[in-house]
Amino acid sequence: MDEESAAVHTTYLTDLIAQSKHNKGAAGQLQRVLNFLGHNPVQKTDNPVRIGVLGASQVATYALIWPAQRIADVEVAAVAARDPKRAADYAKKHGIPVAHGSYQQLVDDPSLTAIYVATPNGLHGEWAEAALRAGKHVLCEKPFTANAEEARLVQSVAAKQRLLCREAFHYKEHPANKAVAQLLQSGAIGQLQQLAVQVLIPAWAFSKDDIRFQARLAGGTMMDAGCYCAHTLRFFPGCSRPHVTSATAGKLMDGGAVDGRMQATLAYPKGSSSSSSSSSALGAAAVGKLEADLRHKGLWPRTRFVATGTLGRVEINNFILPSMGHNISITRTLAQPGGPGNKSDCSPDSLGDGLKEQRHSIEVYGSGESNYYYQLTRFISDLRVLEDKQAPKEAKRAVQRAMDDDARDAIDNMTLIDSIYTAAGLPLRQPTHVAAAAAAAAASKAVK
Ligand SMILES: NC(=O)C1=CN([C@@H]2O[C@H](COP(=O)(O)OP(=O)(O)OC[C@H]3O[C@@H](n4cnc5c(N)ncnc54)[C@H](OP(=O)(O)O)[C@@H]3O)[C@@H](O)[C@H]2O)C=CC1
Ligand SMILES: O=C1OC[C@@H](O)[C@H](O)[C@H]1O
């Protein structure tokens with residue numbers, strides 16, 4: 001690393017380290033937990049964006065309802081469930097003013113500007129598309145759709161309608177993960193050689209009949225824990241389209257179609273970094289490794305990303321929920337003052353030959369809010385710019401770029417997931433309505 005770029009990284013790191021010092025301690029941790037739970041609701045603006053929840057799901061509580069309590073310009077104005085009573089109970093429990101007894105009613109509700117899709121995976125595409133066709137902006141849970149073909153279809157509708165349609169990859173909105181991406185893409189640890197990610201969720205977390213393990217709902221570990229793995233291996237190094245070199249599915253369920261566990265290795269095509277820094281941070285032979293397991297034997301969830309480069313290593317623990325506590329460890333090999341001739345340094349971090357190892361352990365929390373808060377804040381602010389005819393041109397252009405990125409990112413991630421399933425010898429996931437039609441056709445053929 002030359003002196004100039006070393007100085008730039010050092011300034012950025014010094015900044016992160018200074019922030020990190022403020023963040024440590026039990027009081028900060030407690031505040032972040034309270035923020036996550038939506039404590040201290042803020043006063044709403046006169047005319048907040050009205051968003052509806054499609055699916056009376058668990059995730060909507062912490063990914064939408066709680067963060068919305070702390071954001072002035074958004075109101076969770078309605079919820080829909082397939083069963084009217086379930087919708088009414090959920091609305092009452094969460095203080096949502098309107099309950100709809102069907103998803104179509106929610107999508108057609110003229111008082112709403114946006115819809116949050118929080119159904120099982122196999123229904124994401126169908127309802128995101130219906131919401132877009134009804135003129136609503138969409139925030140859609142991950143994974144975006146059942147497969148890449150469906151992702152392309154939904155994003156083409158969003159483009160025609162000129163509406164936001166964003167996959168809810170909340171983790172990338174958190175400052176800790178942005179810091180890791182910036183460190184890696186700016187060459188802070190030299191040329192990247194190996195990127196490895198693990199998302200291991202203990203078997204006790206989900207029962208065997210959970211939506212995550214049902215083929216007809218586009219379930220599977222690669223779709224769930226694995227979709228984060230695929231995304232991090234693209235987001236952190238700034239490379240949209242790595243190739244799959246091998247994949248192995250294990251702990252098969254639901255007649256062998258659903259993976260309880262998935263492992264895969266990826267290769268990065270030369271010059272494939274989309275980083276805006278002057279030189280690509282990805283080494284020519286860089287390798288990506290992923291391990292996702294929803295039936296893990298461990299007692300606690302483990303989410304971890306490690307990058308190794310020619311000049312060091314960066315690791316982040318708990319990257320999926322960093323606001324609840326995480327750690328970023330950075331080890332860098334730097335030239336010592338005096339250069340290669342300086343072999344006399346006997347300090348513990350001296351590597352000889354004029355090289356020195358520098359280690360840091362930091363935590364980056366920004367304003368101490370959750371991923372979901374940062375995600376919803378950006379979604380609402382982009383929506384406002386898009387809807388405001390008077391918004392400055394530069395702001396409009398930035399949102400258009402974000403929308404193009406949303407579309408590409410969702411399609412590329414689903415393409416990678418499809419390729420991993422194919423390499424592992426498992427069928428691609430199908431939208432639930434497609435799977436149901438195929439099952440009905442097979443049943444009627446069997447009767448004849
Ligand atoms: N971003 C994040 O951190 C997380 C994202 N997720 C994603 O959110 C989505 C929902 O997950 P989660 O909240 O855990 O799941 P839940 O089981 O809690 O909710 C799923 C909802 O889907 C609706 N649904 C529609 N059709 C069916 C069906 N055939 N079987 C079961 N439910 C159905 C149900 O709503 P109703 O009965 O009201 O119609 C149900 O409430 C998934 O896509 C998952 O990947 C999940 C957890 C965390
Ligand atoms: O989005 C998610 O994040 C955490 C996982 O435990 C869960 O299965 C998944 O849906």
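Predicted model: local features only at pLDDT ≥ 70, side-chain atom pairs only at ≥ 80, totals over all residues.
1. Strand S13 spans residues 327-335 and includes Ile328. Ile328 counts as buried because 23 other C-beta atoms lie within 10 Å, where the cut-off for a buried residue is 20 or more.

2. The surroundings of Ile328 draw on separate parts of the chain. Once neighbours within four places in sequence are set aside, the contacts of Ile328 are Ala176, Ala179, Val180, Val314, Ile316, Ile362, Glu363 and Val364. For one of these, Ile362, the sequence separation from Ile328 is 34 residues, while the C-alpha atoms of the two are 5.2 Å apart.

3. The domain assignment divides the chain into domain 1 (37-171 + 374-398) and domain 2 (175-367). Taken over C-alpha atoms, the centres of domain 1 and domain 2 are separated by 29 Å. Contact between them involves eight residues of domain 1 and 12 residues of domain 2. On the domain 1 side, the touching residues comprise five nonpolar, two polar and one charged.

4. An unreviewed UniProt entry lists residues 49-166 as "domain: Gfo/Idh/MocA-like oxidoreductase N-terminal". In the model, this span is 47% helix and 22% strand, and its end C-alpha atoms lie 16 Å apart.

5. Around ligand 2 the residues are Ile201, Asp224, Ala225 and Ile320. Three residues of the ligand 2 shell are nonpolar and one is charged, with no polar residues.

6. On confidence, the average pLDDT of the chain is 93, and 93% of the residues score at least 70. Residues 275-279, however, have pLDDT below 50; this stretch has eight contacts in the model beyond near neighbours in sequence. For the complex, the predictor reports an ipTM of 0.98 and a pTM of 0.94.

How values were computed. Residues numbered from 1 in each chain as written. Chains lettered and ligands numbered in written order. Near = placed C-beta within 6 Å. Nonpolar A, V, L, I, M, F, W, Y, C, P; charged D, E, K, R; others polar. Helix = DSSP H or I, 4+ residues; strand = E, 2+ residues; numbered from the N terminus. Buried ≥ 20, exposed ≤ 12 C-beta atoms within 10 Å, placed from the backbone. Contact = placed C-beta atoms within 7 Å. pLDDT = per-residue confidence, 0-100. UniProt positions renumbered as here; feature names shortened; annotations may be inferred. Domains from an automatic or database assignment.
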